[in-house]
Each structure stands twice: as structure tokens, then as C-alpha cells.
Amino acid sequence: MRFIHMADMHFDSPFRLLGTQENFGNLRRIKQRSAMNKIIEKIKEENIPYLFIAGDLYENENIRKTTIEYINNLFKEIPKTKIFKAPANQLTLINY
């Protein structure tokens, strides 16, 4: 079985503790998107059939509409990959 597992991306986290360090919070958010793009590209290049997302993909209370659209558009790029998301204690199959 071939799969990619990722966890705890926390998209749109305010990074309050990091925010005082020279715009580090914003830089962290940019790097998160870069990492997510690399994951999707790897899935496409190697035809990975499963993506497992454990933990928090985003921060519920801070999530922006643009971030939801960004994530959804990335998932649409991998229509043959089954995506399993386990936020907290739940397991969900996402079909795009």
C-alpha cells in the first residue's frame, strides 16, 4: 500500500507566540502552503492512491474562506486519490 500521511498543518493559525518575532507568523503560513503544494505534487507525480490527514488541517475559529478554497482546489487536482481526514477523534472520507 502506498500512501502519504500528514498531520497538524493548522492552516490560518494566528501563531501568537511567533508573531512577535519579525513577521515569523506570516512566513510560517507561506511555508505551510509551500509544503502542502509539495505534497500534492508528489501525489500527482507518483500516483499515490491514499492521503491520510491526521490532526488539525486548519484552525476552526480562524479559518479563512480563501484558505478553504485553496485546500479544496488542491484536492481537486488529485481526483483519483482517496483522502481520509481524522480531525480530533473522527475519521472522514473526502471525495472530490
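Author: Helices here are DSSP runs of H or I, at least four residues long, and strands are runs of E, at least two; both are numbered from the N terminus. By that rule the protein has two helices and four strands. Their order from the N terminus is β-α-β-α-β-β. The model is predicted, so local features need pLDDT of at least 70 and side-chain atom pairs pLDDT 80 or more, while totals for chains, interfaces and linings use all residues. Residues are numbered from 1 along each chain as its sequence is written, and side-chain values use heavy atoms, with hydrogens and water left out.

Reader: What makes E41 and K44 a salt bridge?

Author: The term asks for a side-chain nitrogen of Lys or Arg within 4 Å of a carboxyl oxygen of Asp or Glu. The closest N and O atoms of E41 and K44 are 3.1 Å apart. That meets the cut-off, so the pair counts. Both residues lie in helix α1, three residues apart, or about one turn of the helix.

Reader: Why is E41 called partly exposed?

Author: Buried means under 20% relative accessible area, exposed means over 50%, and partly exposed is in between (1.4 Å probe, protein chains only). E41 has 36%, so it is partly exposed. K44, at 32%, is partly exposed too.

Reader: How far apart are the closest N and O atoms of K42 and E46?

Author: They are 2.5 Å apart, and the pair forms a salt bridge. K42 and E46 are four residues apart in helix α1, which means about one helical turn between them. K42 stands at 38% and counts as partly exposed. E46 stands at 33% and is also partly exposed. R2 joins K42 and E46 in a network of salt bridges.

Reader: How do you know that E69 and K65 form a salt bridge?

Author: Their closest N and O atoms are 3.9 Å apart. The limit is 4 Å, so the pair passes. E69 and K65 are four residues apart in helix α2 (residues 65-76), about one helical turn. K65 has 63% relative accessible area and is therefore exposed. E69 has 38% and is therefore partly exposed.

Reader: How many salt bridges does this rule give?

Author: The count comes to six.

Reader: Why does R29 have no salt bridge?

Author: Lys and Arg count as positive, Asp and Glu as negative, and His and the chain ends are not counted. The nearest side chain of opposite charge to R29 is D12, at 5.7 Å. The rule stops at 4 Å, so no salt bridge is assigned.

Reader: Which backbone oxygen lies 2.6 Å from a polar atom of the side chain of R29?

Author: That of S13. A polar contact is a pair of N or O atoms within 3.5 Å; within protein, one must be able to donate a hydrogen and the other to accept it, and residues adjacent in sequence count only if both atoms are side-chain atoms. Contact in general means heavy atoms within 4.5 Å. R29 touches S13, P14 and F15, leaving out residues up to four places away in sequence.

Reader: Why is D12 called buried?

Author: D12 has a relative accessible area of 8%, which means buried by the 20% limit. D12 is in the loop between β1 (3-7) and α1. Its side chain reaches the backbone nitrogen of R64 at 2.7 Å. The side chain of D12 also makes a polar contact with the side chain of T67, at 2.7 Å. Beyond neighbours within four places in sequence, residues in contact with D12 include Q32, E59, N62 and I63.

Reader: What share of the 96 residues is buried?

Author: Buried residues make up 33%. The protein exposes about 6,500 Å², with 52% supplied by carbon and sulfur atoms. These areas come from the Shrake-Rupley method with a 1.4 Å probe; for residues, only the protein chains shown count as cover.
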